[in-house]
Amino acid sequence: MINVTKTYLPEKEKYIEYINKIFDSGWITNRGQFVLELEEKLGKLFDVNNLILLSNGTYALQVLYKALNLTGNIITTPFSFVATTSSIVWEGLTPVFADIDPNTYCINPKEIEKRIDSKTSAIVAVHVFGNPCYVEELEYLANKYNIKLIFDAAHAFQVKYNDKSILSYGDGSTLSFHATKIFHTIEGGAIIVKDPEIARRIRLMINFGIEGYDKITDIGINCKMNEFQAAMGLCLLENINERIEKRRKIHTLYLEGFRDNSNIQFQKIQDGTTSLNYSYFPIVLESENKVYELRDMLNKNGINPRRYFYPSLEQLPYCSQNLEMSISSSIANRILCLPVFEDIPNEILNKIISITNSVTQ
Ligand SMILES: *Cc1c(COP(=O)(O)O)cnc(C)c1O
């Protein structure tokens, strides 16, 4: 089966070199040398100051909400992976959805402003499929109403907006390094924050709030990254740019293959975007029935596209008090992500293109 993505693994020998060093040192977690090295390298790569590695991207969201003392209502997007919403509910906060832009699939700032009230403490937005959301408009709103601004940047590894890392906007951003993401540490994630004092608090929080021998200063949890995870990340950093370039070429081939097909809608990339990672290739079809038809036909040919993201999150059983999100649910019903990974064979790519054209045209 050709899946929507394929976990990238480094050369085994390269990983084993790191594993040997871990065995030599005997230090396998609690800010070992590879976690420190990966933090430093990622901070440099993104040109950000306060980057903290964690055990996964969901904890990154949850810890960031706590560290920023969020309360009450959080305005967020209904069009994302479920963790964007479930993390809010898990922390005892209330998600209030604002609908998305039908072309970029990112949260619409005008819809946000209508929902801000005295209970609102933050906006949690998503750079959907790595497409930068409306960062300037969102920063304007966050300043105007004195609320926090957080970006779930799980898809936005290496993404730049106006030649600046997308991670440098807002009060903080989170990354996911899950095995299915372009850059991964098996499981893993990171928080990036503007305020060094918040960063200090996060470092304590992810290790039980323990400040040192005999000293516990804050409430904490345990969600540290370990050395085996960091070693995987260090291996993957070595050729990340080559891999992004290969994915860019796959995108170009898809776009060329669908050039004459006016029944497919593509994600509009935000003006001002200067670097993308090409991890996903979403297409939006005319109807939900077409999605089922295309998925069945691709499945029969050994190809497994995915409905990212379905369902629209206001339909979650624990969010049903929210208003209907007509644009998000319409996109969620009609979207399909086609396979993208570096070594996808050309004949498979051509097969996907010709099946998609024949079903939709
Ligand atoms: C993958 C993902 C997460 C969760 O990250 P994990 O590392 O799997 O916990 C959160 N938000 C979005 C948008 C994601 O795609």
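The expected span of a helix is 1.5 Å times one less than its number of residues. In this predicted model, helix α1 covers residues 12–25, and its 14 residues should therefore span 20 Å, a value that agrees with the 20 Å between its end C-alpha atoms.

**Helix α1**

- The buried residues of α1 are Tyr 15, Tyr 18, Ile 19 and Ile 22.
- Viewed down the axis of α1, these buried residues fall within an arc of 100°, so they line one face of the helix.
- Glu 13, Glu 17, Phe 23 and Asp 24 are exposed and sit on the face of α1 turned away from its buried side.
- The cover over the buried residues of α1 includes α2 (33–46) and α8 (227–237).

**Helix α8**

- Of the 11 residues of α8, 10 are buried, so this helix is largely enclosed by the rest of the structure.
- Those buried residues are Glu 227, Gln 229, Ala 230, Ala 231, Met 232, Gly 233, Leu 234, Cys 235, Leu 236 and Leu 237.
- The packing partners of the buried residues of α8 are α1, α2 and α9 (240–257).

**Largest pocket**

- The volume of the largest pocket is about 480 Å³.
- Its lining comprises 31 residues, and those nearest the centre of the pocket are Phe 81, Ser 176, His 178, Thr 180 and Lys 181.
- Two or more lining residues come from each of α3 (57–67), α4 (82–90) and β9 (172–176).
- Sorted by class, the lining of the largest pocket consists of 14 nonpolar, 13 polar and 4 charged residues.

**Largest cavity**

- The model contains 1 cavity of 30 Å³ or more.
- The largest cavity holds about 60 Å³ of space.
- Lining this cavity are 14 residues, with Ala 154, Phe 157, Ser 176, Lys 181 and Ile 182 nearest its centre.
- Ser 176 and Lys 181 are named among the residues nearest the centre of the largest pocket and also among those nearest the centre of the largest cavity.
- The cavity lining divides into 9 nonpolar, 4 polar and 1 charged residues.

**Ser 165**

- Ser 165 belongs to strand β8, which comprises residues 164–165.
- Although Ser 165 and Leu 45 are 120 residues apart in sequence, their C-alpha atoms are 9.0 Å apart in space.
- With residues up to four places away in sequence not counted, Ser 165 touches Phe 46, Val 159 and Lys 160.

**Ile 344**

- Ile 344 is located in the loop between β17 (335–338) and α12 (346–360).
- Apart from neighbours within four places in sequence, Ile 344 is in contact with Ile 2, Ile 250, Pro 339, Leu 349 and Ile 352.
- A distance of 47 Å separates the C-alpha atoms of Ile 344 and Glu 211, which are 133 residues apart along the chain.

How values were computed:
Residues numbered from 1 in each chain as written. Predicted model: local features only at pLDDT ≥ 70, side-chain atom pairs only at ≥ 80, totals over all residues. Heavy atoms only, no water. 1 Å grid on protein atoms, 1.4 Å probe; cavity = no way out; pocket = protein on both sides within 12 Å on 5 of 7 lines; lining within 4 Å. Points joined across faces, edges and corners; volume = space filled by probe spheres on them. Helix = DSSP H or I, 4+ residues; strand = E, 2+ residues; numbered from the N terminus. Nonpolar A, V, L, I, M, F, W, Y, C, P; charged D, E, K, R; others polar. Buried < 20%, exposed > 50% of the residue type's maximum accessible area, 1.4 Å probe, protein only. Arc of directions from axis to C-beta. Contact = heavy atoms within 4.5 Å.
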